[in-house]
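Have a look at the structure first, and then we will walk through a few spots together.

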Amino acid sequence: MRETSGTADVRGWRDAAERALYGPGGFYRRPEGPAGHFRTSVHASPLFAAAVAALLCRVDAALGRPAVLDFVDVGAGRGELTRGVLAALPADVAGRTRACAVEIADRPEGLDARIEWRAEPPEAVDGLLFANEWLDNVPVDVAEVDRAGVPRLVLVAPDGTERLGEPVRGAEADWLARWWPLAAEEGLRAEIGLPRDRAWAAAVGRVQRGLAVAVDYAHTLGTRPPFGTLTGFRAGRETTPVPDGTCDITAHVALDACAAAGSGHGTPRLLTQREALRALDITGARPPLALATTDPAAYVRALAGAGAAAELTAPGGLGDFGWLLQPAGLPEPPL
């Protein structure tokens, strides 16, 4: 705990991060966009967008190939994933796809005219709603156990220094008790994921028929880290989280809690990214060596693709991301 002197402009981490990320001049409103500070699966390889396009095609088939097929990209950054998905779709599917990028920043210049840009998801979605690294940036409060064994809210100043506030009460305390119970040991910390549960349930509730998918840094009840995961990113490097608008502020997601919050809309399924991408034929397998003799150029291309796929599915890296799949109007996720 980094103690702050004084009380001016000291607030809970949820309020502080909300202002620092999304307020006037906030991190996600900066002109360079998220890609200027960190690299997601979308930026790692076009294979990720190709896999999402393949999943959209499976949803399309499960829905009986409707005249209009929705693809909604929540937390769209500067539209990179939406552009990649449209480019990877077969022409007949692309012609029926209504693409929507959801982001609080202004629409980027030169974005494909086929892509609708809006601050909130559409009211009704028939197709695929895909949220890649969105939930980890839904701000949450942080709790820390004091010397008496009581979980208290952590308050933070704009320079990042902290102190303990009031005990956690009400719905937040109930959430901790169910999803992240803290032992009475001083210094243990947790991120209270209730706002993410509510955000996910609201997003899933807009899917009338199809599939909602959240992809994120994740943990589940049996693997909660004892001191939380709150951190920052600036210019490609992890850094101390400071709520002044100069860095990303993120924390891993309790995806099992989100799954339960959205389960009224369909039976959820939790996978690792490695499992999900392999089910979408992104395996990282090396091409047969014989191809190097029969078609050297094709071998080099296939080898590069295998390397990119290996990064997306790597244990200890992107492959360990969680995928939460929640169908609506379908018996199960088409994966």
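The side chain of Gln-326 reaches the backbone oxygen of Ala-259 at 3.1 Å, and that of Gly-262 at 3.0 Å. This is a predicted model, in which local features need pLDDT of at least 70 and side-chain atom pairs count only at pLDDT 80 or more, while totals for chains, interfaces and linings use all residues. Residues are numbered from 1 along each chain as its sequence is written, and side-chain values use heavy atoms, with hydrogens and water left out.

**Around Gln-326**
- Gln-326 lies in strand 17 (residues 322–328); strands are DSSP runs of E, at least two residues, and helices are runs of H or I, at least four, numbered from the N terminus.
- Gln-326 is buried, with a relative accessible area of 0% (buried means under 20%, with a 1.4 Å probe and protein chains only).
- Among the residues that Gln-326 touches are Trp-200, Leu-211, Cys-258 and Pro-268 (contact means heavy atoms within 4.5 Å).

**Nonpolar cores**
- The largest nonpolar core has 43 residues, and Leu-55, Leu-128 and Trp-323 are among those with the most contacts inside it (a core is a set of buried Ala, Val, Leu, Ile, Met, Phe, Trp, Tyr and Cys residues joined through side-chain atoms within 4.5 Å).
- Helix 3 (residues 46–62) gives the most to this core, with 8 residues.
- Another core, of 23 residues, lies apart from it and includes Cys-100 and Val-253.

**Helix 3 against helix 4**
- Residues of helix 3 including Phe-48, Val-52 and Leu-56 meet Leu-81, Gly-84, Val-85 and Ala-88 in helix 4.

Methods:
Buried < 20%, exposed > 50% of the residue type's maximum accessible area, 1.4 Å probe, protein only. Polar contact = N/O pair within 3.5 Å; in protein donor to acceptor, adjacent residues only side chain to side chain. Lists of a residue's contacts leave out its neighbours within four places in sequence.
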